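Q: Hey, I've just opened this one and I'm new to it. Can we walk through it together?

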Amino acid sequence: MVITTATGHSSSECLYSTFASRYVAESVPKFKMPARSIPKDAAYQIINDELMLDGNPRLNLASFVTTWMEEECDKLIMASINKNYVDMDEYPVTTELQNRCVNMIAHLFNAPVGETETAIGVGTVGSSEAIMLAGLAFKRKWQQKRQAEGKPYDKPNIVTGANVQVCWEKFARYFEVELKEVKLREGYYVMDPVKAVDMVDENTICVAAILGSTLTGEFEDVKLLNELLDKKNKETGWDTPIHVDAASGGFIAPFLYPDLEWDFRLPLVKSINVSGHKYGLVYAGVGWVVWRTKDELPDELVFHINYLGSDQPTFTLNFSKGSSQIIAQYYQFIRLGFEGYRDIMKNCRDNASVLRKGLEETGTFEIVSKEIGVPLVAFSLKDTSKYTVFNISDNLRRFGWIVPAYTMAPDAEHVAVLRVVVREDFNRSLAERLVSDIEKVIKELDGSQSQATTKATHVTATVDETGDKLLKTKEIAMYWKNLADRKKTSGVC
(Lines give C-alpha, C1' and ligand atoms only; values in the text may rest on other atoms or scores of the structure.)
Protein backbone atom coordinates (compact mmCIF):
# COMPACT_ATOMS: atom_id res chain seq x y z
CA MET A 1 0.00 0.00 0.00
CA VAL A 2 1.37 3.40 -0.95
CA ILE A 3 1.45 5.90 1.90
CA THR A 4 0.01 9.21 0.80
CA THR A 5 0.21 11.24 4.01
CA ALA A 6 3.05 12.48 6.18
CA THR A 7 1.87 10.55 9.25
CA GLY A 8 4.54 10.41 11.91
CA HIS A 9 6.37 13.49 10.73
CA SER A 10 6.15 17.02 12.09
CA SER A 11 3.12 19.08 11.17
CA SER A 12 5.32 21.32 9.03
CA GLU A 13 5.77 18.40 6.64
CA CYS A 14 2.07 17.96 5.93
CA LEU A 15 1.88 18.01 2.16
CA TYR A 16 -0.30 20.96 1.28
CA SER A 17 2.16 22.04 -1.44
CA THR A 18 4.67 19.71 -3.02
CA PHE A 19 7.15 22.50 -3.62
CA ALA A 20 6.93 23.55 0.05
CA SER A 21 7.83 20.04 1.22
CA ARG A 22 11.19 18.43 1.92
CA TYR A 23 10.74 15.99 -0.96
CA VAL A 24 11.78 18.45 -3.64
CA ALA A 25 14.80 19.56 -1.60
CA GLU A 26 16.35 16.10 -1.35
CA SER A 27 18.25 14.14 -3.97
CA VAL A 28 16.17 11.49 -5.67
CA PRO A 29 17.16 7.79 -5.27
CA LYS A 30 19.40 6.60 -8.10
CA PHE A 31 20.89 3.31 -6.97
CA LYS A 32 18.96 1.87 -4.03
CA MET A 33 15.25 1.73 -3.31
CA PRO A 34 14.43 4.35 -0.65
CA ALA A 35 13.70 3.07 2.83
CA ARG A 36 10.58 5.17 3.30
CA SER A 37 7.53 6.01 1.22
CA ILE A 38 6.66 9.47 -0.04
CA PRO A 39 3.28 10.99 -0.91
CA LYS A 40 1.91 10.24 -4.37
CA ASP A 41 1.80 13.96 -5.20
CA ALA A 42 5.51 14.32 -4.51
CA ALA A 43 6.43 11.18 -6.46
CA TYR A 44 4.46 12.41 -9.45
CA GLN A 45 5.93 15.91 -9.34
CA ILE A 46 9.52 14.71 -9.01
CA ILE A 47 9.29 12.34 -11.96
CA ASN A 48 7.22 14.72 -14.08
CA ASP A 49 9.76 17.50 -13.56
CA GLU A 50 12.65 15.29 -14.70
CA LEU A 51 10.72 14.12 -17.75
CA MET A 52 10.39 17.73 -18.87
CA LEU A 53 14.04 17.48 -19.92
CA ASP A 54 13.18 14.81 -22.51
CA GLY A 55 12.75 15.93 -26.08
CA ASN A 56 9.29 16.60 -27.52
CA PRO A 57 8.19 13.32 -29.18
CA ARG A 58 6.36 15.15 -31.97
CA LEU A 59 9.53 17.05 -32.88
CA ASN A 60 11.58 13.85 -32.84
CA LEU A 61 12.08 13.53 -36.58
CA ALA A 62 14.52 10.65 -36.09
CA SER A 63 11.80 8.17 -35.26
CA PHE A 64 9.33 6.32 -37.46
CA VAL A 65 7.21 5.55 -34.39
CA THR A 66 3.73 7.04 -33.97
CA THR A 67 3.53 9.97 -31.54
CA TRP A 68 -0.12 10.99 -31.82
CA MET A 69 -3.48 9.20 -31.65
CA GLU A 70 -7.05 10.31 -31.23
CA GLU A 71 -8.46 10.87 -27.75
CA GLU A 72 -11.02 8.09 -28.16
CA CYS A 73 -8.22 5.60 -28.83
CA ASP A 74 -6.27 6.93 -25.86
CA LYS A 75 -9.30 6.09 -23.72
CA LEU A 76 -9.39 2.52 -25.04
CA ILE A 77 -5.69 2.17 -24.33
CA MET A 78 -6.05 3.34 -20.73
CA ALA A 79 -9.14 1.16 -20.19
CA SER A 80 -7.22 -1.96 -21.24
CA ILE A 81 -3.80 -1.12 -19.84
CA ASN A 82 -4.22 -3.68 -17.04
CA LYS A 83 -5.03 -6.57 -19.38
CA ASN A 84 -2.33 -9.19 -19.89
CA TYR A 85 -2.75 -10.38 -23.45
CA VAL A 86 -1.44 -13.86 -22.69
CA ASP A 87 -4.49 -14.56 -20.47
CA MET A 88 -6.54 -15.62 -23.46
CA ASP A 89 -8.97 -17.54 -21.30
CA GLU A 90 -9.80 -14.36 -19.38
CA TYR A 91 -9.76 -11.98 -22.34
CA PRO A 92 -11.11 -13.91 -25.35
CA VAL A 93 -12.45 -10.76 -27.04
CA THR A 94 -8.99 -9.20 -27.06
CA THR A 95 -7.65 -12.38 -28.66
CA GLU A 96 -10.39 -12.15 -31.26
CA LEU A 97 -9.40 -8.55 -32.03
CA GLN A 98 -5.83 -9.69 -32.64
CA ASN A 99 -7.03 -12.39 -35.03
CA ARG A 100 -9.14 -9.84 -36.90
CA CYS A 101 -6.08 -7.60 -37.29
CA VAL A 102 -4.03 -10.53 -38.64
CA ASN A 103 -6.78 -11.29 -41.18
CA MET A 104 -6.97 -7.66 -42.32
CA ILE A 105 -3.19 -7.38 -42.71
CA ALA A 106 -2.99 -10.67 -44.61
CA HIS A 107 -5.63 -9.50 -47.08
CA LEU A 108 -3.91 -6.11 -47.37
CA PHE A 109 -0.73 -8.00 -48.37
CA ASN A 110 -2.62 -10.20 -50.86
CA ALA A 111 -2.19 -13.48 -48.97
CA PRO A 112 -3.89 -16.43 -50.73
CA VAL A 113 -6.72 -16.75 -48.19
CA GLY A 114 -10.46 -16.75 -48.79
CA GLU A 115 -12.78 -13.94 -47.79
CA THR A 116 -13.77 -15.69 -44.54
CA GLU A 117 -10.69 -17.86 -44.12
CA THR A 118 -8.47 -17.34 -41.07
CA ALA A 119 -4.99 -16.06 -41.95
CA ILE A 120 -1.76 -17.24 -40.33
CA GLY A 121 0.00 -14.60 -38.28
CA VAL A 122 0.54 -13.11 -34.85
CA GLY A 123 0.85 -9.81 -33.05
CA THR A 124 4.23 -9.00 -31.52
CA VAL A 125 5.81 -6.24 -29.46
CA GLY A 126 7.40 -4.86 -32.62
CA SER A 127 9.07 -5.85 -35.87
CA SER A 128 12.17 -7.10 -34.05
CA GLU A 129 10.21 -9.94 -32.46
CA ALA A 130 8.29 -10.46 -35.70
CA ILE A 131 11.52 -10.85 -37.68
CA MET A 132 12.94 -13.32 -35.18
CA LEU A 133 9.78 -15.43 -35.36
CA ALA A 134 9.88 -15.41 -39.16
CA GLY A 135 13.59 -16.23 -39.11
CA LEU A 136 13.04 -19.15 -36.76
CA ALA A 137 10.37 -20.53 -39.08
CA PHE A 138 12.74 -20.34 -42.06
CA LYS A 139 15.57 -21.92 -40.10
CA ARG A 140 13.45 -24.81 -38.85
CA LYS A 141 11.98 -25.53 -42.29
CA TRP A 142 15.47 -25.53 -43.83
CA GLN A 143 16.77 -27.85 -41.10
CA GLN A 144 13.89 -30.26 -41.58
CA LYS A 145 14.49 -30.40 -45.33
CA ARG A 146 18.24 -30.93 -44.94
CA GLN A 147 17.71 -33.64 -42.34
CA ALA A 148 15.27 -35.47 -44.61
CA GLU A 149 17.84 -35.33 -47.42
CA GLY A 150 20.61 -36.59 -45.15
CA LYS A 151 22.62 -33.40 -45.59
CA PRO A 152 24.43 -31.22 -42.99
CA TYR A 153 22.19 -28.62 -41.36
CA ASP A 154 24.59 -26.89 -38.98
CA LYS A 155 25.61 -23.86 -41.08
CA PRO A 156 22.50 -21.87 -42.03
CA ASN A 157 22.88 -18.40 -43.51
CA ILE A 158 20.64 -15.53 -44.47
CA VAL A 159 21.26 -12.99 -47.25
CA THR A 160 20.40 -9.31 -46.67
CA GLY A 161 21.60 -5.87 -47.66
CA ALA A 162 24.05 -4.03 -45.40
CA ASN A 163 21.26 -1.48 -44.89
CA VAL A 164 19.13 -3.81 -42.73
CA GLN A 165 17.99 -2.76 -39.28
CA VAL A 166 20.01 -4.05 -36.33
CA CYS A 167 17.33 -6.62 -35.42
CA TRP A 168 18.55 -8.78 -38.32
CA GLU A 169 22.03 -8.81 -36.80
CA LYS A 170 20.47 -9.75 -33.46
CA PHE A 171 18.58 -12.65 -35.06
CA ALA A 172 21.73 -13.94 -36.74
CA ARG A 173 23.80 -13.75 -33.55
CA TYR A 174 21.17 -15.01 -31.11
CA PHE A 175 20.04 -17.95 -33.25
CA GLU A 176 23.41 -18.85 -34.79
CA VAL A 177 22.76 -17.97 -38.41
CA GLU A 178 25.48 -16.50 -40.64
CA LEU A 179 24.52 -13.06 -41.93
CA LYS A 180 25.69 -12.51 -45.52
CA GLU A 181 25.38 -8.82 -46.36
CA VAL A 182 25.32 -7.23 -49.79
CA LYS A 183 27.45 -4.11 -49.44
CA LEU A 184 26.17 -0.71 -50.53
CA ARG A 185 27.85 1.79 -52.81
CA GLU A 186 27.58 5.53 -53.21
CA GLY A 187 24.36 6.42 -54.99
CA TYR A 188 22.85 2.95 -54.41
CA TYR A 189 21.89 2.52 -50.78
CA VAL A 190 19.74 -0.63 -50.89
CA MET A 191 20.36 -4.31 -51.55
CA ASP A 192 21.26 -5.13 -55.16
CA PRO A 193 19.06 -8.14 -56.12
CA VAL A 194 21.65 -9.45 -58.58
CA LYS A 195 24.42 -9.48 -55.96
CA ALA A 196 22.03 -10.93 -53.37
CA VAL A 197 21.11 -13.91 -55.53
CA ASP A 198 24.79 -14.48 -56.33
CA MET A 199 25.42 -14.91 -52.59
CA VAL A 200 22.68 -17.53 -52.16
CA ASP A 201 23.89 -21.09 -51.62
CA GLU A 202 22.39 -24.38 -50.45
CA ASN A 203 22.61 -23.23 -46.83
CA THR A 204 20.62 -20.01 -47.34
CA ILE A 205 17.41 -20.18 -45.31
CA CYS A 206 15.97 -17.05 -46.97
CA VAL A 207 16.76 -13.74 -48.63
CA ALA A 208 15.46 -10.74 -46.68
CA ALA A 209 14.27 -7.76 -48.71
CA ILE A 210 13.49 -4.38 -47.14
CA LEU A 211 10.37 -2.43 -48.06
CA GLY A 212 11.46 0.94 -46.73
CA SER A 213 15.15 1.15 -45.87
CA THR A 214 15.90 2.72 -42.50
CA LEU A 215 18.65 4.81 -44.09
CA THR A 216 16.80 6.35 -47.04
CA GLY A 217 13.22 5.00 -47.00
CA GLU A 218 13.73 3.37 -50.39
CA PHE A 219 11.81 0.23 -51.39
CA GLU A 220 14.01 -2.64 -52.54
CA ASP A 221 13.07 -4.34 -55.80
CA VAL A 222 11.34 -7.44 -54.45
CA LYS A 223 9.83 -8.34 -57.81
CA LEU A 224 13.22 -8.50 -59.53
CA LEU A 225 14.61 -10.44 -56.57
CA ASN A 226 11.77 -12.95 -56.91
CA GLU A 227 12.46 -13.39 -60.65
CA LEU A 228 16.21 -13.87 -60.23
CA LEU A 229 15.86 -16.18 -57.25
CA ASP A 230 13.20 -18.25 -58.97
CA LYS A 231 15.55 -18.75 -61.90
CA LYS A 232 18.39 -19.83 -59.61
CA ASN A 233 16.11 -22.20 -57.69
CA LYS A 234 15.14 -23.91 -60.95
CA GLU A 235 18.78 -24.18 -62.03
CA THR A 236 20.00 -25.61 -58.72
CA GLY A 237 16.99 -27.50 -57.43
CA TRP A 238 16.90 -25.36 -54.29
CA ASP A 239 13.78 -23.66 -52.97
CA THR A 240 15.25 -20.57 -51.29
CA PRO A 241 12.37 -18.28 -50.16
CA ILE A 242 12.01 -14.54 -49.55
CA HIS A 243 11.01 -12.68 -46.42
CA VAL A 244 9.94 -9.04 -46.75
CA ASP A 245 10.78 -6.73 -43.89
CA ALA A 246 8.00 -4.21 -44.40
CA ALA A 247 8.36 -2.65 -40.94
CA SER A 248 8.18 0.87 -42.36
CA GLY A 249 6.68 0.41 -45.81
CA GLY A 250 4.02 -2.23 -45.22
CA PHE A 251 1.34 0.30 -44.34
CA ILE A 252 2.45 2.69 -47.10
CA ALA A 253 2.79 0.68 -50.31
CA PRO A 254 -0.77 -0.77 -50.37
CA PHE A 255 -2.26 2.73 -50.15
CA LEU A 256 0.12 4.82 -52.26
CA TYR A 257 1.50 2.25 -54.69
CA PRO A 258 -1.14 -0.48 -55.03
CA ASP A 259 0.29 -1.74 -58.34
CA LEU A 260 3.75 -2.29 -56.87
CA GLU A 261 4.37 -6.05 -56.58
CA TRP A 262 6.30 -6.77 -53.41
CA ASP A 263 3.99 -8.94 -51.27
CA PHE A 264 2.33 -12.38 -51.47
CA ARG A 265 1.54 -11.77 -55.13
CA LEU A 266 5.14 -12.93 -55.63
CA PRO A 267 5.30 -16.72 -55.15
CA LEU A 268 8.64 -16.83 -53.29
CA VAL A 269 7.50 -14.37 -50.61
CA LYS A 270 6.61 -16.64 -47.70
CA SER A 271 6.33 -14.20 -44.79
CA ILE A 272 6.08 -10.46 -44.14
CA ASN A 273 6.52 -8.38 -41.02
CA VAL A 274 5.15 -4.89 -40.46
CA SER A 275 5.27 -2.42 -37.57
CA GLY A 276 1.88 -1.37 -36.26
CA HIS A 277 3.61 1.33 -34.24
CA LYS A 278 5.10 3.01 -37.32
CA TYR A 279 2.81 3.77 -40.24
CA GLY A 280 0.23 1.43 -38.74
CA LEU A 281 -0.44 4.57 -36.63
CA VAL A 282 -0.32 3.00 -33.15
CA TYR A 283 1.87 4.02 -30.20
CA ALA A 284 5.08 2.02 -29.65
CA GLY A 285 4.66 -1.63 -28.72
CA VAL A 286 3.02 -3.55 -31.57
CA GLY A 287 4.25 -5.35 -34.67
CA TRP A 288 2.86 -8.09 -36.90
CA VAL A 289 4.12 -11.06 -38.87
CA VAL A 290 1.99 -12.97 -41.36
CA TRP A 291 2.76 -16.11 -43.33
CA ARG A 292 1.66 -17.01 -46.81
CA THR A 293 0.03 -20.28 -45.75
CA LYS A 294 -0.04 -22.57 -42.74
CA ASP A 295 2.63 -24.76 -44.37
CA GLU A 296 5.23 -21.99 -44.00
CA LEU A 297 5.05 -22.09 -40.20
CA PRO A 298 6.35 -25.41 -38.76
CA ASP A 299 3.80 -26.71 -36.31
CA GLU A 300 6.47 -27.71 -33.80
CA LEU A 301 7.15 -23.99 -33.19
CA VAL A 302 3.52 -23.32 -32.34
CA PHE A 303 2.10 -23.94 -28.88
CA HIS A 304 -1.60 -24.71 -28.58
CA ILE A 305 -3.86 -23.44 -25.82
CA ASN A 306 -7.45 -24.62 -25.37
CA TYR A 307 -9.93 -22.10 -24.07
CA LEU A 308 -13.68 -21.75 -24.31
CA GLY A 309 -13.87 -25.04 -26.21
CA SER A 310 -11.60 -24.00 -29.10
CA ASP A 311 -7.93 -24.29 -30.01
CA GLN A 312 -5.77 -21.15 -29.80
CA PRO A 313 -2.30 -21.46 -31.38
CA THR A 314 0.39 -19.15 -30.00
CA PHE A 315 3.85 -18.39 -31.38
CA THR A 316 5.78 -15.65 -29.56
CA LEU A 317 9.16 -15.16 -27.93
CA ASN A 318 7.83 -13.55 -24.76
CA PHE A 319 4.94 -14.55 -22.52
CA SER A 320 3.20 -11.63 -20.83
CA LYS A 321 2.48 -8.45 -22.77
CA GLY A 322 -0.08 -5.66 -22.76
CA SER A 323 -3.31 -5.71 -24.74
CA SER A 324 -3.59 -1.97 -25.30
CA GLN A 325 -1.65 -1.70 -28.55
CA ILE A 326 -3.52 -4.58 -30.18
CA ILE A 327 -6.82 -2.94 -29.28
CA ALA A 328 -5.50 0.38 -30.58
CA GLN A 329 -4.52 -1.25 -33.87
CA TYR A 330 -8.01 -2.63 -34.36
CA TYR A 331 -9.44 0.81 -33.53
CA GLN A 332 -7.33 2.39 -36.28
CA PHE A 333 -8.33 -0.26 -38.83
CA ILE A 334 -12.07 0.19 -38.33
CA ARG A 335 -11.90 3.93 -37.61
CA LEU A 336 -9.83 4.91 -40.66
CA GLY A 337 -10.50 2.08 -43.09
CA PHE A 338 -8.67 1.90 -46.40
CA GLU A 339 -9.80 5.41 -47.29
CA GLY A 340 -8.44 6.97 -44.10
CA TYR A 341 -5.06 5.27 -44.31
CA ARG A 342 -4.75 6.28 -47.97
CA ASP A 343 -5.50 9.93 -47.20
CA ILE A 344 -3.03 10.03 -44.30
CA MET A 345 -0.25 8.46 -46.36
CA LYS A 346 -0.92 10.90 -49.21
CA ASN A 347 -0.60 13.81 -46.79
CA CYS A 348 2.68 12.40 -45.47
CA ARG A 349 4.02 12.04 -49.01
CA ASP A 350 2.92 15.57 -49.97
CA ASN A 351 4.49 17.11 -46.86
CA ALA A 352 7.71 15.20 -47.54
CA SER A 353 7.68 16.75 -51.04
CA VAL A 354 7.31 20.23 -49.55
CA LEU A 355 10.29 19.59 -47.28
CA ARG A 356 12.31 18.10 -50.13
CA LYS A 357 11.67 21.12 -52.37
CA GLY A 358 12.52 23.56 -49.59
CA LEU A 359 15.84 21.87 -48.91
CA GLU A 360 16.72 21.76 -52.61
CA GLU A 361 16.03 25.49 -52.92
CA THR A 362 18.65 26.28 -50.28
CA GLY A 363 21.29 25.09 -52.74
CA THR A 364 23.20 23.56 -49.83
CA PHE A 365 21.99 19.97 -49.87
CA GLU A 366 21.87 16.95 -52.12
CA ILE A 367 18.77 14.77 -51.66
CA VAL A 368 19.75 11.09 -51.41
CA SER A 369 16.31 9.59 -50.68
CA LYS A 370 13.87 8.59 -53.43
CA GLU A 371 10.43 10.08 -54.01
CA ILE A 372 8.86 6.60 -54.11
CA GLY A 373 9.19 4.94 -50.73
CA VAL A 374 8.65 5.83 -47.10
CA PRO A 375 7.73 9.54 -46.76
CA LEU A 376 11.04 10.82 -45.49
CA VAL A 377 13.82 13.06 -46.74
CA ALA A 378 17.47 12.03 -46.39
CA PHE A 379 19.95 14.66 -47.50
CA SER A 380 23.69 15.33 -47.45
CA LEU A 381 25.85 18.45 -47.68
CA LYS A 382 27.22 19.35 -51.09
CA ASP A 383 30.23 20.99 -49.43
CA THR A 384 31.61 19.47 -46.21
CA SER A 385 34.74 21.63 -46.01
CA LYS A 386 33.17 24.18 -43.67
CA TYR A 387 30.96 22.08 -41.39
CA THR A 388 29.26 18.69 -41.29
CA VAL A 389 25.76 17.27 -41.03
CA PHE A 390 26.58 16.51 -37.40
CA ASN A 391 27.05 20.23 -36.74
CA ILE A 392 23.67 20.94 -38.32
CA SER A 393 21.98 18.21 -36.27
CA ASP A 394 23.44 19.60 -33.04
CA ASN A 395 22.39 23.17 -33.81
CA LEU A 396 18.83 22.22 -34.75
CA ARG A 397 18.27 21.01 -31.19
CA ARG A 398 18.28 24.64 -30.09
CA PHE A 399 15.01 25.04 -31.99
CA GLY A 400 13.55 21.86 -30.49
CA TRP A 401 14.10 19.66 -33.56
CA ILE A 402 15.63 16.21 -33.22
CA VAL A 403 17.07 15.42 -36.66
CA PRO A 404 19.52 12.51 -36.79
CA ALA A 405 22.84 12.64 -38.60
CA TYR A 406 24.58 9.38 -39.46
CA THR A 407 26.87 7.65 -41.92
CA MET A 408 25.67 5.08 -44.44
CA ALA A 409 26.26 1.35 -44.06
CA PRO A 410 29.26 -0.48 -45.62
CA ASP A 411 30.64 0.20 -48.25
CA ALA A 412 29.24 3.74 -48.30
CA GLU A 413 30.40 4.85 -44.85
CA HIS A 414 31.99 7.98 -46.28
CA VAL A 415 28.51 9.38 -47.03
CA ALA A 416 26.96 11.23 -44.07
CA VAL A 417 23.35 12.36 -44.13
CA LEU A 418 20.56 13.99 -42.17
CA ARG A 419 17.13 12.35 -42.23
CA VAL A 420 13.65 13.70 -41.51
CA VAL A 421 10.84 11.16 -41.11
CA VAL A 422 7.47 12.64 -42.05
CA ARG A 423 4.80 11.13 -39.84
CA GLU A 424 1.06 11.69 -39.65
CA ASP A 425 1.41 14.60 -37.21
CA PHE A 426 4.12 16.43 -39.18
CA ASN A 427 2.09 18.94 -41.19
CA ARG A 428 3.03 21.38 -43.94
CA SER A 429 3.41 24.26 -41.51
CA LEU A 430 5.99 22.29 -39.52
CA ALA A 431 7.79 21.31 -42.73
CA GLU A 432 8.09 24.97 -43.73
CA ARG A 433 9.21 25.94 -40.23
CA LEU A 434 11.89 23.23 -40.26
CA VAL A 435 13.29 24.49 -43.57
CA SER A 436 13.38 28.00 -42.15
CA ASP A 437 15.25 26.83 -39.03
CA ILE A 438 17.71 24.85 -41.14
CA GLU A 439 18.42 27.99 -43.18
CA LYS A 440 19.09 29.88 -39.91
CA VAL A 441 21.51 27.20 -38.77
CA ILE A 442 23.34 27.24 -42.11
CA LYS A 443 23.65 31.02 -41.97
CA GLU A 444 25.02 30.88 -38.43
CA LEU A 445 27.51 28.15 -39.32
CA ASP A 446 28.65 30.09 -42.38
CA GLY A 447 29.10 33.16 -40.20
CA SER A 448 31.02 31.24 -37.54
CA GLN A 449 33.34 29.82 -40.18
CA SER A 450 33.99 33.31 -41.54
CA GLN A 451 34.81 34.65 -38.07
CA ALA A 452 37.05 31.67 -37.39
CA THR A 453 39.02 32.31 -40.58
CA THR A 454 39.42 36.00 -39.69
CA LYS A 455 40.60 35.19 -36.18
CA ALA A 456 43.05 32.55 -37.40
CA THR A 457 44.48 35.07 -39.89
CA HIS A 458 44.91 37.61 -37.09
CA VAL A 459 46.67 35.07 -34.88
CA THR A 460 49.03 34.16 -37.71
CA ALA A 461 49.84 37.83 -38.31
CA THR A 462 50.64 38.24 -34.64
CA VAL A 463 53.08 35.37 -34.88
CA ASP A 464 54.93 37.14 -37.66
CA GLU A 465 55.04 40.40 -35.73
CA THR A 466 56.24 39.10 -32.36
CA GLY A 467 58.41 36.23 -33.51
CA ASP A 468 57.09 34.11 -30.64
CA LYS A 469 56.46 31.30 -33.11
CA LEU A 470 56.41 28.36 -30.74
CA LEU A 471 53.80 29.83 -28.39
CA LYS A 472 51.58 31.05 -31.22
CA THR A 473 51.81 27.76 -33.10
CA LYS A 474 50.40 26.02 -30.04
CA GLU A 475 47.67 28.63 -29.81
CA ILE A 476 46.70 28.14 -33.43
CA ALA A 477 46.71 24.36 -33.09
CA MET A 478 44.51 24.52 -29.99
CA TYR A 479 42.12 26.95 -31.69
CA TRP A 480 41.62 24.75 -34.75
CA LYS A 481 41.33 21.68 -32.56
CA ASN A 482 38.37 23.28 -30.81
CA LEU A 483 36.79 23.92 -34.19
CA ALA A 484 37.24 20.32 -35.35
CA ASP A 485 34.12 18.39 -36.22
CA ARG A 486 32.65 16.38 -33.39
CA LYS A 487 32.04 12.73 -34.13
CA LYS A 488 28.66 12.35 -32.55
CA THR A 489 26.48 9.33 -33.25
CA SER A 490 22.76 9.89 -33.64
CA GLY A 491 20.19 7.12 -33.34
CA VAL A 492 18.62 5.79 -36.52
CA CYS A 493 15.23 4.41 -35.51
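Q: Which residues line the largest cavity?
A: The lining is made up of Phe64, Thr66, Thr67, Lys278, Tyr279, Leu281, Arg423, Glu424 and Asp425. Lining residues have an atom within 4 Å of a cavity point, and a cavity is a set of points on a 1 Å grid over the protein atoms alone where a 1.4 Å probe fits but cannot get out.

Q: Is this an experimental or a predicted model?
A: It's a predicted model, where local features need pLDDT of at least 70, side-chain atom pairs count only at pLDDT 80 or more, and totals for chains, interfaces and linings use all residues. Residues are numbered from 1 along each chain as its sequence is written, and side-chain values use heavy atoms, with hydrogens and water left out.

Q: OK, back to the hole. What volume does the largest cavity have?
A: About 60 Å³, where volume is the space filled by probe spheres set on grid points that are joined across faces, edges and corners. The count is one cavity of 30 Å³ or more.

Q: How does the lining divide into nonpolar, polar and charged?
A: Three nonpolar, two polar and four charged residues. Here Asp, Glu, Lys and Arg count as charged, Ala, Val, Leu, Ile, Met, Phe, Trp, Tyr, Cys and Pro as nonpolar, and the others, Gly among them, as polar.

Q: What do Asp425 and Arg423 do with their side chains?
A: They meet in a salt bridge, 3.7 Å from N to O. That term means a side-chain nitrogen of Lys or Arg within 4 Å of a carboxyl oxygen of Asp or Glu. Arg58 is linked with Arg423 and Asp425 in a network of salt bridges.

Q: Are Asp425 and Arg423 buried or exposed?
A: Asp425 is buried at 9% relative accessibility, and Arg423 is buried at 4%. Buried is under 20% relative accessible area, exposed is over 50%, and partly exposed is in between (1.4 Å probe, protein chains only).

Q: New topic: how many salt bridges are there?
A: The count comes to 23. One of them joins Arg335 and Glu70, at 2.8 Å from N to O.

Q: Where do Arg335 and Glu70 lie?
A: Arg335 is in helix H9 (residues 324-362), while Glu70 is in the loop between helix H1 (40-51) and helix H2 (71-79), so the pair ties together parts 265 residues apart in sequence. Helices are DSSP runs (H or I, at least four residues), numbered from the N terminus.

Q: And their accessibility: buried or partly exposed?
A: Arg335 is partly exposed at 44%, whereas Glu70 is buried at 18%.

Terms used: On a 1 Å grid over the protein atoms alone, a cavity is a set of points where a 1.4 Å probe fits but cannot get out, and a pocket is an open set with protein on both sides within 12 Å along at least five of seven lines; lining residues have an atom within 4 Å of a point. Helices (H or I, at least four residues) and strands (E, at least two) are DSSP runs, numbered from the N terminus.
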